[in-house]
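Let's take a walk through this structure together. Have the sequence and the 3D view open side by side, and we will go from one contact to the next.

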Amino acid sequence: MDNHEHFLAVGKSCSTSAAAMELIRTATAEPGMIAFEELSELPAVRALQDSDSEECRKYFKLLTIFRHGTWSTYRSSQSELPELSPAQEVKLRQLSLISLAEQKKVLPYSVLQEELQLSQVRDIEDFLIDCMVLGLLNGKLDQKQRHLEVEYSKARDVRNIDDIITALENWRDNCDVVMGSIQTELDWAHSKAIDVRVRKEELDSKIEEVKKNIRTEAELRGGQQDMMTDPVADGEGTRSKRRR
């Protein structure tokens with residue numbers, strides 16, 4: 001059983017708000033745990049959202065940040081949220097990095113320093129290496145250019161399935177437009193190919209006709225020359241006979 005399944009199993013047995021909050025604390029600090037959508041759907045966890053206890057509501061909001069938010073999201077509303085443990089801080093920075101990697105494939109150190117609030121370049125590089133070791137992403141550190149080239153990253157929880165459906169529908173419509181354009185170009189190319197073939201056949205026919213005319217004219221000229229030379233030959237033959 002992996003970490004995700006373990007926390008789901010524990011969450012299903014939660015019957016109190018205290019147990020649900022402890023589940024959130026441990027799950028958000030667990031190394032390698034990056035999906036919290038199913039956890040947030042558990043009855044005991046969902047009950048925290050509408051609880052009369054401010055602390056319960058804070059923990060549910062914290063879980064929401066771990067689902068979709070970033071380190072800067074937490075910092076902007078820190079007063080309304082529970083304090084993070086060192087392990088939770090690391091986890092939220094890791095999730096923030098994944099979100100950045102989903103948006104851009106080249107991440108300058110300056111952007112990472114600002115978003116993750118890690119002031120030293122060495123801290124950034126150590127953090128990135130740790131994330132790669134955990135398999136959260138893969139990439140190349142360019143120390144000369146001072147950036148990370150992202151090759152692969154894991155995915156976080158889906159924020160809104162309706163947005164994804166809309167995006168896929170738009171992509172499908174765009175594909176239809178592109179396919180229509182390609183078909184138009186293919187039809188045009190096919191039409192041009194037919195025109196070229198017809199013109200080539202016409203040209204070949206004209207060339208053959210010219211060749212035929214040239215041969216006919218040559219044959220006519222050859223016949224006229226034969227007619228002009230035969231009488232001379234006959235006359236010479238007659239004179240030769242008379243001398244004898």
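**Salt bridges and helix packing**

Begin with Asp 173 and Arg 172, which form a salt bridge whose closest N and O atoms are 3.3 Å apart. Keep in mind as you look that this is a predicted model. Asp 173 has a relative accessibility of 37%, so this residue counts as partly exposed. Arg 172 is also in the partly exposed class, because its relative accessibility is 46%.

Glu 22 is partly exposed because its relative accessibility is 37%. For Arg 25 the relative accessible area is 30%, so Arg 25 is partly exposed too.

The other salt bridge links Glu 37 with Arg 67, and here the closest N and O atoms are 2.9 Å apart. Glu 37 belongs to helix α3 (residues 37–40) and Arg 67 to helix α5, so this pair ties together parts that lie 30 residues apart in sequence. Are the two partners buried or partly exposed? Glu 37, with a relative accessible area of 25%, is partly exposed. Arg 67, on the other hand, is buried, with a relative accessible area of 12%. The cut-off behind that call is 20%, since a residue counts as buried under this value.

Now turn to the helices themselves. Two packed helices are described by the angle between their axes and by the distance between those axes. Take helix α2 (residues 17–27) and helix α5 (residues 54–68): they pack at an angle of about 30 degrees, and their axes are 10 Å apart. Angles under 35 degrees count as roughly parallel, and so α2 is roughly parallel to α5. Their crossing is left-handed. On the α2 side, the contact is made by Ser 17, Met 21, Ile 24 and Arg 25, and on the α5 side by Glu 55, Cys 56, Tyr 59, Phe 60 and Leu 63. Sorted by class, this contact of α2 with α5 has six nonpolar residues, one polar residue and two charged residues.

Which residues does α5 use in its contact with α7? These two helices pack at an angle of about 40 degrees, with 8 Å between their axes. They are therefore oblique to each other. From α5 come Leu 62, Ile 65 and Phe 66, while α7 brings Gln 88, Lys 91, Leu 92 and Leu 95. The residues of this contact divide into five nonpolar, one polar and one charged.

Stay on α7 for the last stop. Helix α7 (residues 86–103) is also the place of Gln 94. Is the residue buried or exposed? Gln 94 counts as buried, because its relative accessibility is 9%. Leaving aside residues up to four places away in sequence, Gln 94 touches Phe 127, Cys 131, Leu 134 and Leu 136.

Definitions and conventions. Residues are numbered from 1 along each chain as its sequence is written. This is a predicted model: local features need pLDDT of at least 70, side-chain atom pairs count only at pLDDT 80 or more; totals for chains, interfaces and linings use all residues. Side-chain values use heavy atoms; hydrogens and water are left out. Axes are lines fitted to C-alpha atoms, for helices over the stretch in contact, and angles run from 0 to 180 degrees between N-to-C directions. Helices (H or I, at least four residues) and strands (E, at least two) are DSSP runs, numbered from the N terminus. Angles under 35 degrees count as roughly parallel, over 145 as roughly antiparallel, 65 to 115 as roughly perpendicular and the rest as oblique. A crossing is left-handed if the near helix is turned anticlockwise from the far one by less than a right angle, and right-handed if clockwise. Contact means heavy atoms within 4.5 Å. Ala, Val, Leu, Ile, Met, Phe, Trp, Tyr, Cys and Pro count as nonpolar, Asp, Glu, Lys and Arg as charged, and the others, Gly among them, as polar. Buried means under 20% relative accessible area, exposed over 50%, partly exposed in between (1.4 Å probe, protein chains only). A salt bridge is a side-chain nitrogen of Lys or Arg within 4 Å of a carboxyl oxygen of Asp or Glu.
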